[in-house]
Amino acid sequence: FANLSVYPNPVQNELNIEITSRMSGNFDLRFTDVSGRTIRMEQIEINSGTNVQTFDVSDIEKGYYLIQLCGDDHIASTEMLKM
């Protein structure tokens, strides 16, 4: 239902998430660490087509994370490395 890409990756302070979606609406964006623990969850509104959301990740510890865009019966994901 959507494709995600993140930049810069690895990231230090400000992360851009580009979402290309076939659907519009409100979705949950989850940042999950390697143990599967959700460290941040944000509700975002996206439109069909290309959307870019910017997030301050300066407070997240260094490490490897999975970013998931969750909607009704759909999940899209990508990975990020925090430096």
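The model is predicted: local features need pLDDT of at least 70, side-chain atom pairs count only at pLDDT 80 or more, and totals for chains, interfaces and linings use all residues. Residues are numbered from 1 along each chain as its sequence is written, and side-chain values use heavy atoms, with hydrogens and water left out.

Start with the layout. The chain has 0 helices and 7 strands. Helices (H or I, at least four residues) and strands (E, at least two) are DSSP runs, numbered from the N terminus. Along the sequence, the pattern reads β-β-β-β-β-β-β.

Next comes overall size. Along the principal axes, the C-alpha atoms fill a box of roughly 30 × 25 × 15 Å. The radius of gyration is taken over C-alpha atoms, and the globule rule is 2.2 Å times the number of residues to the power 0.38. A compact globule of 83 residues would come out near 12 Å; the chain has 12 Å, so the two agree.

Now look at contacts, meaning heavy atoms within 4.5 Å. Take those with a separation of 6 or more: 52% of them join residues 24 or more positions apart.

What about the inside? Of the 83 residues, 37% count as buried. Buried means under 20% relative accessible area, exposed over 50%, and partly exposed in between (1.4 Å probe, protein chains only). A nonpolar core is a set of buried Ala, Val, Leu, Ile, Met, Phe, Trp, Tyr and Cys residues joined through side-chain atoms within 4.5 Å. The largest such core has 21 residues, and Leu15, Ile17, Phe31, Leu69 and Met80 touch the most other members. Strands β1 (2-7), β2 (14-21), β3 (25-33), β4 (38-46), β6 (63-71) and β7 (74-82) each supply at least two residues of this core. Beyond four places in sequence, Leu69 touches residues including Phe1, Leu4, Phe27, Ile44 and Ile75.

Is Tyr64 buried or partly exposed? Its relative accessibility is 40%, so Tyr64 counts as partly exposed. Tyr64 lies in strand β6.

Finally, find Ser48, in the loop between β4 and β5 (49-56). Ser48 has 46% relative accessibility, so this residue counts as partly exposed. Leaving aside neighbours within four places in sequence, Ser48 is in contact with Ser21, Arg22, Met23 and Ser24. Ser48 and Asn13 are 35 residues apart in sequence and 27 Å apart in space, C-alpha to C-alpha.
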